[in-house]
Amino acid sequence: MRKYKDLLKPYLRNILNILRYENSMTQKEMAHFFYISTRSYCDLEGGKYSLSAVSLIILLAYLPNDVMVQVVREFFNLILDEQDKEED
């Protein structure tokens, strides 16, 4: 599971960056959205930490249904690709 967590961190970091820039939000506004401190949000964007389960649910609930499904499926495809690499 650890290897998948290592895949998830940069994947979600990219999603957060896209979301923030598409909505013209500051890091402080994003932190407020996730009910966390600005410093904690900066650490998320910087790749130091990953989203908590609660923050992940908040993120997914915010996204339109088609985008939410796309985000989840794209990550699942990353997992499948990683498994394929291990089998080779």
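Which residues of the largest nonpolar core touch the most other members? In this predicted model, the core comprises 19 residues, and those that touch the most other members are Leu16, Phe34, Tyr41 and Leu59. Two or more residues are given to this core by each of helix H1 (2-22), helix H2 (27-33), helix H3 (38-45), helix H4 (53-62) and helix H5 (65-87), with H1 giving the most, namely six residues.

These contributions are set within a chain that has five helices and zero strands, so that, as the elements are defined, the order from the N terminus on reads α-α-α-α-α. The C-alpha trace spans about 45 × 30 × 20 Å along its principal axes, and 27% of the 88 residues count as buried. Among the contacts in the chain with a separation of 6 or more, 59% are accounted for by residues 24 or more positions apart. The accessible surface comes to about 6,100 Å², and carbon and sulfur atoms hold 56% of that area. With regard to charge, the chain carries 11 positive and 13 negative side chains, and the centres of the two sets are separated by 10 Å.

Leu59, which is among the core residues that touch the most other members, is in contact with Leu12, Ile15, Leu19, Phe34 and Leu51 when its neighbours within four places in sequence are left aside.

Arginine 20 is found in helix H1, and it counts as buried because its relative accessibility is 10%, below the 20% limit that is applied to buried residues. Glutamate 45, located in helix H3, is likewise buried, since its relative accessible area is 10%. The side chains of arginine 20 and glutamate 45 make a polar contact at 2.5 Å, and the side chain of glutamate 45 makes a further polar contact, at 2.8 Å, with the side chain of glutamine 27.

For glutamate 45, the residues in contact are Arg13, Asn17, Arg20 and Gln27.

Aspartate 66, by contrast, is a charged residue at an exposed position. Aspartate 66 lies in helix H5 and counts as exposed because its relative accessibility is 58%, whereas exposure is assigned over 50%. Between aspartate 66 and isoleucine 18, the separation is 48 residues in sequence and 16 Å in space, taken from C-alpha to C-alpha.

Conventions. Residues are numbered from 1 along each chain as its sequence is written. This is a predicted model: local features need pLDDT of at least 70, side-chain atom pairs count only at pLDDT 80 or more; totals for chains, interfaces and linings use all residues. Side-chain values use heavy atoms; hydrogens and water are left out. A nonpolar core is a set of buried Ala, Val, Leu, Ile, Met, Phe, Trp, Tyr and Cys residues joined through side-chain atoms within 4.5 Å. Buried means under 20% relative accessible area, exposed over 50%, partly exposed in between (1.4 Å probe, protein chains only). Helices (H or I, at least four residues) and strands (E, at least two) are DSSP runs, numbered from the N terminus. Contact means heavy atoms within 4.5 Å. A polar contact is a pair of N or O atoms within 3.5 Å; within protein, one must be able to donate a hydrogen and the other to accept it, and residues adjacent in sequence count only if both atoms are side-chain atoms. Accessible areas come from the Shrake-Rupley method with a 1.4 Å probe; for residues, only the protein chains shown count as cover. Lys and Arg count as positive and Asp and Glu as negative; His and the chain ends are not counted. The place of a charge is taken as NZ of Lys, CZ of Arg, CG of Asp or CD of Glu.
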